[in-house]
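Student: Could you walk me through this one? I'd like to begin with the ligand and then go wherever that takes us.

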Amino acid sequence: MNVAVKDAAMVVDAGYFDVLVIGAGISGIDAAHYMQTECPEKSFTLLETQDSFGGTWNTHKYPGIRSDSDLFTFGYKWKPWVGAPIATAEEILKYLDEVLDEEDIRRHIQYQIKVTDASWSSETKLWTVYADNLASGERLRFTTNFMWMCQGYYRHAKGYTPEWEGMDDYEGEIVHPQTWPEDLDYKDKHVLVIGSGATAATVVPAMAADCKHITMLQRSPTFFIPAPNRNETAEMLRELDVPDEWTHEIVRRKVLFDQQEITRRSFEEPEGLRSELIGAAKEYLGEDFDIATHFTPSYRPWQQRIAFLPDGDLFQGLRQGQATVVTDQIERFTKKGVLLKSGDEISADIIVTATGFNLCVLGDINFVVDDKEVDFADTVTYRGMMFTGVPNLAWVFGYFRASWTLRADLIAELVCRMFNKMDEQGAQMVMPTLRPEEHNMPRLPWIDPDNFNPGYLMRSLHEMPKQGDREPWIFTQDYWSEKDEFPAADLDDGTLIYT
Ligand SMILES: Cc1cc2nc3c(=O)[nH]c(=O)nc-3n(C[C@H](O)[C@H](O)[C@H](O)COP(=O)(O)OP(=O)(O)OC[C@H]3O[C@@H](n4cnc5c(N)ncnc54)[C@H](O)[C@@H]3O)c2cc1C
């Protein structure tokens, strides 16, 4: 808060809104839809750092950028998806653009506004929120009753690149997918992609045709689901002229039914699922391919996100020889490329570090509650969306194993129900508070590492809020239980204190 206080004289008053939505990505636009349909009397605005909407789908520009989950569930439950299941960033932005027009949301978004500080006063029951107007250079002050945090879960400005010895010696270009130079010329160049996740699996086939050769270097193998990018149920319903709204709902249910089965099997019969996934890879790669080395992960399926490969494109590139996969570790960078622990060397003109991102807690905004700085690691989460000791604030943190948006919708419905309840009883403040019998409850990590453990989560878990060992203080990352629990949540169970 120091900056804000120091600059107080130069701050421009940007007005009061009942609700400030931070971020105009998928979750922020979802929040706007629910504000308009469930709480039409309330004023709200969306504050967005970028100069356009879409969040992840606006900021990522690397070749081939696409969803890795299907758009019937990654799309909103209230806006039918009419395309193929896996969509490009461009198609997702078009879908969101239609939403902005159809729902008249555009007028609520303020672009190039970066929120930096927020301070709650229990006396006024207001947040005072400071932001930088990146276009004018002004410092802005908003006041609001509620902060709906839709700023995502990772630092947008810079991706995660490990420090390797000798990186400064490398004479080629190092590129991170999160900050892709749009004029990067990789035609007829040797490209090395470091990584094995969804991003690596996207850029490798997308660049393969234009490069001289592309190599994917992975420390360890990952599971993939290779399958045609089509949904037969959707195609059949569309052929029968079934309305888009019905098709969307039916296909969502089918996709969720199938995913629930995969999730169940990942816990109950992991070995069966493992051999099916490896078998699918074999079908695309052929019997001669060294699947044991390159596509046989050591972890249980679903302990890390399983990326979908539309039409098995990565595997096709590998089989056709346009791309190569190497499973090894980097000893150090050299002038020409990288030296591996095995002693082999890979030369490259361009190295793409598809090594992930940096998780960030609530957009790196400095939060203060009644003059005391908030350390979210000291808080316990209410249903993975609110935090003990932090009033009038909700964070949309979606699913990893299912589509993010499924949870954005569930949270939005619950938040709006809470707003309407507060209005009914004339409350201006709601704060998750442990009941006396819960004070000694164990404090567990935000997400159980045995359940889900990708690197970006493990690197930052200590900064994240904690969960308890019982409802409503748990965050299961389980859509199939939350889809019933959220709508049935008792907002009067004594864990939410209204004043
Ligand atoms: C490359 C990639 C592919 C992905 N694919 C999938 C997928 O297929 N399926 C899936 O379920 N999930 C996927 N995810 C996860 C994905 O991020 C979410 O699904 C979803 O896009 C998140 O939407 P969001 O609106 O919550 O956050 P974001 O998309 O992160 O948007 C947040 C917005 O908030 C703004 N913002 C942040 N901080 C501030 C601030 N302090 N002040 C003002 N504005 C701020 C940002 O500029 C951004 O526009 C993917 C992630 C990445 C990186």
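Student: Which helices and strands each supply at least two residues of the shell around the ligand?
Tutor: They are α2 (26-38), β2 (44-48) and β4 (113-121), where helices (H or I, at least four residues) and strands (E, at least two) are DSSP runs numbered from the N terminus. The largest share, three residues, comes from α2. This is a predicted model, in which local features need pLDDT of at least 70 and side-chain atom pairs count only at pLDDT 80 or more, while totals for chains, interfaces and linings use all residues. Residues are numbered from 1 along each chain as its sequence is written.

Student: And which residues come nearest to the ligand?
Tutor: Of the 31 residues around the ligand, the nearest are G23, G25, G55, G152 and W404; a residue is near a molecule if its C-beta atom, placed from the backbone, lies within 6 Å of it.

Student: Switching topic, how is the chain divided into domains?
Tutor: Domain 1 covers 3-156 + 359-498 and domain 2 covers 158-357, with bounds that come from an automatic or database domain assignment. Their contact takes 30 residues from domain 1 and 35 residues from domain 2, two residues being in contact if their C-beta atoms, placed from the backbone, lie within 7 Å. On the side of domain 1 that touches domain 2, α4 (71-74) and α13 (455-460) are the elements that give two or more residues.

Student: What about the largest nonpolar core, which members touch the most others?
Tutor: Among its 130 residues, those are L20, W148, M149, V193 and V204. A nonpolar core is a set of buried Ala, Val, Leu, Ile, Met, Phe, Trp, Tyr and Cys residues joined through C-beta atoms within 7 Å, and buried means that 20 or more other C-beta atoms, placed from the backbone, lie within 10 Å of a residue's own. Helix α12 (residues 404-424) gives the largest share of this core, eleven residues.

Student: What is M149 in contact with, leaving aside its neighbours within four places in sequence?
Tutor: M149 is then in contact with I22, L362, G363, L393, A394, W395 and V396.

Student: Last one: how much of the whole chain counts as buried?
Tutor: Of its 499 residues, 41% count as buried, and the C-alpha trace spans about 70 × 55 × 50 Å along its principal axes.

Definitions and conventions:
A residue is buried if 20 or more other C-beta atoms lie within 10 Å of its own, exposed if 12 or fewer, and partly exposed in between; C-beta atoms are placed from the backbone.
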